[in-house]
Amino acid sequence: MRIAFFVNSIESETPAYTTTALALAAVQRGHSVVYVEPGDFILRPDDGLAVSVAVLPDASYKTSDRLHAALKDAAKQKKTLAISDIDIVFLRNDPSLDATDRPWAANAGVMFGRLAAARGAIVVNDPDGLGQAQSKLYLQSFPEAVRPATLISRSITEIRAFIDKHSKGCIVKPLQGSGGKNVFHIATPTDSNLNQIFEAASGDGYLIAQVYIPEAKAGDVRLFLMNGLPLVRDGNYAAFRRVPAKGDVRSNIHAAGTARKVKVTGTMLGIAGMVRPKLINDGMFLVGLDIVGDKLLEINVFTPGGLTRLAVMYKTDFATPVIIALEEKRVLRQAYGTTMTNSRLATL
């Protein structure tokens with residue numbers, strides 16, 4: 001089958017990215033892989049959807065480095081394909097990275113993903129589900145039992161009042177964004193730099209004020225779910241602890257956090273079980289849950305990363321099961337045609 005990976009830009013991809021690991025696993029299983037960028041879609045007057053793609057040459061790539069080098073070369077000479085020539089469209093872009101400098105690109109995956117799904121391609125994660133999840137507000141649609149107490153507002157008065165009620169402190173961060181940008185820990189309402197924090201964080205729009213969970217000092221746990229269930233292979237969960245750098249509240253790897261092995265607990269599995277029904281309903285095929293203590297801090301549904309790191313950490317290939325799951329979806333699509341919705345197929 002042919003799999004198209006939709007990314008922010010081919011230039012910004014690296015050999016260590018999860019998308020690269022998935023592409024390598026797909027090629028090694030004999031599939032054709034192409035890459036798509038936000039400006040590559042073409043909707044023609046006859047309503048036909050086409051896409052300009054970078055085609056990975058057929059070869060037996062042994063490493064992510066070799067595949068990445070071949071991708072860079074392929075990007076210099078793209079080819080145009082009808083969407084009917086693509087079996088799977090895997091949306092792997094981070095809209096927040098384009099929101100400021102290329103706002104037209106931020107929603108391209110969701111918009112054209114819908115068109116691709118309507119024309120018979122299997123699109124994961126489901127674009128309608130992703131449309132609901134384009135900000136951290138998505139977390140608020142999950143059961144209150146798994147979420148920390150949260151206020152979302154642009155009113156400094158409201159946020160101050162919320163902070164006053166929580167003696168353990170609060171986290172303040174933008175509603176939009178990723179990678180740990182402008183995430184602040186406010187220990188007490190009397191913090192002298194509170195106004196500067198508000199000014200820095202609110203520049204991105206609405207703010208989230210979230211009660212601080214003391215267990216966050218040890219970092220959070222990224223747990224991968226596939227088809228609504230924890231991703232497991234060879235007895236190992238696809239999960240790791242992200243430990244913040246000294247003096248930093250953020251545990252994001254991009255923010256100098258470090259990754260360590262973690263024992264997945266019953267509490268973590270309980271959280272996964274609680275969010276499963278909505279993730280399945282929304283067609284969220286592959287997601288990353290970020291868990292602290294007994295609470296869920298974020299759900300990464302666009303570009304959950306870490307499979308490459310996990311492969312080294314546990315000596316386990318977690319990318320191949322993802323590709324096998326896509327193969328199974330293609331078999332179902334061939335059997336059922338478009339009588340089965342994309343959102344349902346995405347999590348079967």
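Predicted model: local features only at pLDDT ≥ 70, side-chain atom pairs only at ≥ 80, totals over all residues.
Three helices each supply at least two residues of the lining: helix H1 (18–28), helix H9 (307–314) and helix H10 (319–336).

The domain assignment divides the protein chain as set out below.

| Domain | Residues |
|---|---|
| Domain 1 | 2–124 + 336–340 |
| Domain 2 | 149–212 |
| Domain 3 | 215–315 |

Because domain 1 and domain 3 both give residues to the lining of the second largest pocket, the pocket lies between them. The centres of domain 1 and domain 3, taken over C-alpha atoms, are separated by 25 Å. Where these two domains are in contact, 12 residues of domain 1 and nine residues of domain 3 take part.

Attention now turns to a sheet. Four strands form an open sheet with antiparallel pairing, in the order S8-S11-S9-S10. Strand S8 (150–153) and strand S10 (184–186) are the edge strands, each of which pairs on one side only. On average, and with direction ignored, neighbouring strands of this sheet are turned by 20° against each other. The antiparallel pairing of strand S9 (residues 170–174) with S10 extends over three bridges. Cys170 stands opposite Ile186 in S10. Helix H6 (residues 156–164) lies across S8, S9, S10 and strand S11 (207–211), and runs at about 170° to S8.

Two features of the backbone remain to be noted. As background, most residues other than glycine have a negative phi, and most peptide bonds are trans. The peptide bond from Val124 to Asn125 is cis, with omega near -15°. Asn125 is located in the loop between strand S7 (122–124) and helix H5 (127–132). Asp47, a residue other than glycine, has a positive phi, near 75°. The loop that holds Asp47 lies between strand S3 (41–43) and strand S4 (49–55).

Note on methods: Residues numbered from 1 in each chain as written. Heavy atoms only, no water. Domains from an automatic or database assignment. Pairing = 2+ DSSP bridges. Axes fitted to C-alpha atoms, helices over the stretch in contact; angles between N-to-C directions. Contact = heavy atoms within 4.5 Å.
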